[in-house]
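Please read them alongside the coordinates.

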There are 2 protein chains.
Amino acid sequence: MALPAASKPQPDDAKPMRADTERTVRAILEAAERVLSVDPAATMEQIAEAAGVARTTVHRRFASRDALVRALAAWATRRFHEAVEAARPETAPPAVALYQVTVNVLRVKIAWGFAMDALPVDAPEVARVHAEVLARCERLFVRVRDAGLLPPDADLNWVRRVYYALMHEAATHAPETDAALDALATRVVDTLLYGVGTRGTA
Amino acid sequence: MALPAASKPQPDDAKPMRADTERTVRAILEAAERVLSVDPAATMEQIAEAAGVARTTVHRRFASRDALVRALAAWATRRFHEAVEAARPETAPPAVALYQVTVNVLRVKIAWGFAMDALPVDAPEVARVHAEVLARCERLFVRVRDAGLLPPDADLNWVRRVYYALMHEAATHAPETDAALDALATRVVDTLLYGVGTRGTA
DNA sequence: AGGACTTGCGACATGAGAGTTGCATGTTCT
DNA sequence: AGAACATGCAACTCTCATGTCGCAAGTCCT
């Protein structure tokens, strides 16, 4: 799958990490996502075990439990941002952009769902990016509306909330293949626009 | 508002509680919902404070933190069940039942949202009721489909998931008046059936 | 190869929250 | 009114997660 060279887990990347360390940090973040999504009150020990490292190592990489949680939120937020940007929501044709954003975000949400929305966003860094993404999303829906896919008087705020809710729901059942992911995204967009009722759903 | 004589917070109601006690228990459950929805890891002390009682009193009513959480889940589940039943989903006309269930559940979800879906359901009592409600919900959607509101080949599982997701989202912004609640329920049902796209949204 | 860095392990300090008890003061119920 | 029961308060025990350290063994980089 070749991730796009994700970079900093901690605020400042003064020195480039040793390959060694980077792997460990990643393992810990992934373990934290997995473990915390099951039990948000899980201990450092449980996270360490899931990551396959000693508890002290976790503490070496993340000063405190809180720091780990914040790093996890920051990490997921970054990926979220990348997912949205990669869809070129400001320039691609509205319908295409909407679909593309859906696929990309779904992919991230499946892997980092817990960190993305069950985590407090008191970190300024995270809040800023969230606001940025929110703005992108709002502008995208304006474009979608202007393209005639939404009625001129649509409540864009409600549209966005419904969109988020559908994403959230869709992300709970991870598809196996890329084809299934596409199908899922299609379903989300379709449902958003036309609902599940008796209409031309295809 | 006159709650419908809600009964047992703890598994067995051998002796009727003293009016005194009942108030305290209720205050604690309500406080727990409020406090835990903000911070699921909140302490007994915080819950006690929010309930306006001493920490020891909480322990007197609920043997352990776990017992409190389970009681909270059981309580919310009971109210959930009542909300669905009160809409007579098996006998009322499908469209009416769907709307009525939506209003009723929305009301409960606004007050007990955390306990309803952010809580582990390992208690058999809770799981049983959840399953029961799920079955009711599935049968309701069959009726809704047979009434022609859903296409004959609709994926009822997806329909239900979307419905839940919309409820969840709608319940995050508590309306002030009953009229606003009706409007919200209408919006949920409308969105479920017709989406937010360009169509006859009435 | 060799210095720099990382990790696992065991041991320890600390603090916070859960859970308990006894007693004096209120509140309910009949 | 009076028995029965609930509450607040203060003090205490205990468990457990967090956070630290030093050291020996392993891994990375050039």
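1. UniProt positions are given here in the numbering used for this structure, with shortened feature names, and annotations may be inferred rather than shown by experiment. The unreviewed UniProt entry lists residues 43-62 of chain A as "DNA-binding region".

2. This is a predicted model: local features need pLDDT of at least 70 and side-chain atom pairs count only at pLDDT 80 or more, while totals for chains, interfaces and linings use all residues. Residues are numbered from 1 along each chain as its sequence is written, chains are lettered from A and ligands numbered from 1 in the order in which they are written, and side-chain values use heavy atoms, with hydrogens and water left out.

3. Residues 43-62 of chain A are 75% helix and 0% strand, where helices (H or I, at least four residues) and strands (E, at least two) are DSSP runs numbered from the N terminus.

4. Of the atoms of DNA strand C within 4 Å of the protein, 58% belong to sugar and phosphate.

5. A backbone N or O atom of Ala19(B) is 2.9 Å from a phosphate oxygen of DNA strand C.

6. Elements giving two or more residues to this surface are α1 (19-38) and α3 (55-61), in chain A and in chain B. α3(A) gives the most, five residues.

How values were computed
A residue is near a molecule or strand if one of its heavy atoms lies within 4 Å of it. A polar contact is a pair of N or O atoms within 3.5 Å; within protein, one must be able to donate a hydrogen and the other to accept it, and residues adjacent in sequence count only if both atoms are side-chain atoms.
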